[in-house]
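Trainee: I would like to go through the labels attached to this model and hear what each one rests on.

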Amino acid sequence: MSVSAAAAVGHDELAVLKLLALEGGLEGDVKISCSHLADRLDASNQTASRRLQRLESGGLLERDTVSDGQWVAITDEGERTLHAEYEDYRRIFEANSEIELDGTVTSGMGEGRHYISLSGYKRQFEDRLGYEPFPGTLNVDLRDDSVRRRSAIGALEPVPIDGWEDDDRTYGPAVCYPATIETADGERYEDAHIIAPERTHHDEDQLEIIAPEKLREALALEDDDHVVVYVGDRQ
């Protein structure tokens, strides 16, 4: 979603998105009229139409107008937005709520080893996470439902890792979130963190996880092994 489109989608539009989901918009196309939507919103037809247009411009909704109404469907981006709202309410009403993400272990490109070992990051990991990470990351490919659920991480309070520079180049900031990894056998590793660039919409289907130990060895993991990653604030 572009910055201008995102700015056009506010709480009023999200309320419409929720109503459309309740009408079945997550399962596929549903037929709706502006007058019906206006009645549900206690608003004018013009207001209902304008909110649908903003949702469409923001990439949260697809529409096909016909003579007696319009067919609408919530996009993947719209579903991720609803998941994020849901996780916000979970954090309000449920103590110690965690975001549960399913995936499989995969081999990375080896870039994590290089960046984690850089002194400008390494000092911050020790100060802010309380440990020196193993020089490498555990990479997890997320299942489709967890890719959608991942957006809820944005509602959590991150551990910031500041950007820095040396004589050669500038290194960008990152964020970390406390994470617990559970294997298919029920073994758990609690002293880990998800790490990600501070501003990115790329590779949302993959997690990179750091820890004081090599997680593959600590949990006896191999490629394609199933794991569950629980993300949330540690008490």
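Trainee: What makes Arg80, Leu142, Glu204 and Asp205 the residues that Val147 touches?
Mentor: A contact means heavy atoms within 4.5 Å. Leaving out residues up to four places away in sequence, Val147 touches Arg80, Leu142, Glu204 and Asp205. Arg80 is 67 residues from Val147 in sequence, and their C-alpha atoms are 8.3 Å apart.

Trainee: What kind of model is this, and how are residues numbered?
Mentor: This is a predicted model, in which local features need pLDDT of at least 70 and side-chain atom pairs count only at pLDDT 80 or more, while totals for chains, interfaces and linings use all residues. Residues are numbered from 1 along each chain as its sequence is written, and side-chain values use heavy atoms, with hydrogens and water left out.

Trainee: Why is Val147 called buried?
Mentor: Buried means under 20% relative accessible area, exposed means over 50%, and partly exposed is in between (1.4 Å probe, protein chains only). Val147 has a relative accessible area of 16%, so the residue is buried. Val147 is found in helix H8 (residues 144-149); helices (H or I, at least four residues) and strands (E, at least two) are DSSP runs, numbered from the N terminus.

Trainee: How do you know that Gln70 is buried, and what does its side chain meet?
Mentor: Gln70, in strand E3 (residues 69-74), has 5% relative accessibility and therefore counts as buried. Its side chain makes a polar contact with the side chain of Arg63 at 2.8 Å. That label requires a pair of N or O atoms within 3.5 Å; within protein, one must be able to donate a hydrogen and the other to accept it, and residues adjacent in sequence count only if both atoms are side-chain atoms.

Trainee: Why is the pair of Tyr121 and Phe125 called stacked?
Mentor: Rings of Phe, Tyr and Trp (its six-membered ring) pair if their centres lie within 6.5 Å; planes under 30 degrees apart count as stacked, over 60 as edge-to-face and the rest as tilted. The centres of Tyr121 and Phe125 are 6.5 Å apart and their planes are at 25 degrees, so the pair is stacked. Trp164 and Tyr171 form another stacked pair, with 4.4 Å between centres and 20 degrees between planes. Ring pairs link Tyr121, Phe125, Trp164 and Tyr171 into a cluster.

Trainee: What separates Tyr121 and Phe125 along helix H7?
Mentor: They are four residues apart in H7 (residues 119-129), which means a separation of about one helical turn.

Trainee: What makes Arg128 and Asp162 a salt bridge?
Mentor: A salt bridge is a side-chain nitrogen of Lys or Arg within 4 Å of a carboxyl oxygen of Asp or Glu. For Arg128 and Asp162 the closest N and O atoms are 2.9 Å apart, so the pair qualifies. Arg128 lies in helix H7 and Asp162 in the loop between strand E6 (159-161) and strand E7 (164-165), so the pair ties together parts that are 34 residues apart in sequence. Arg128, at 37%, is partly exposed, and so is Asp162, at 38%.
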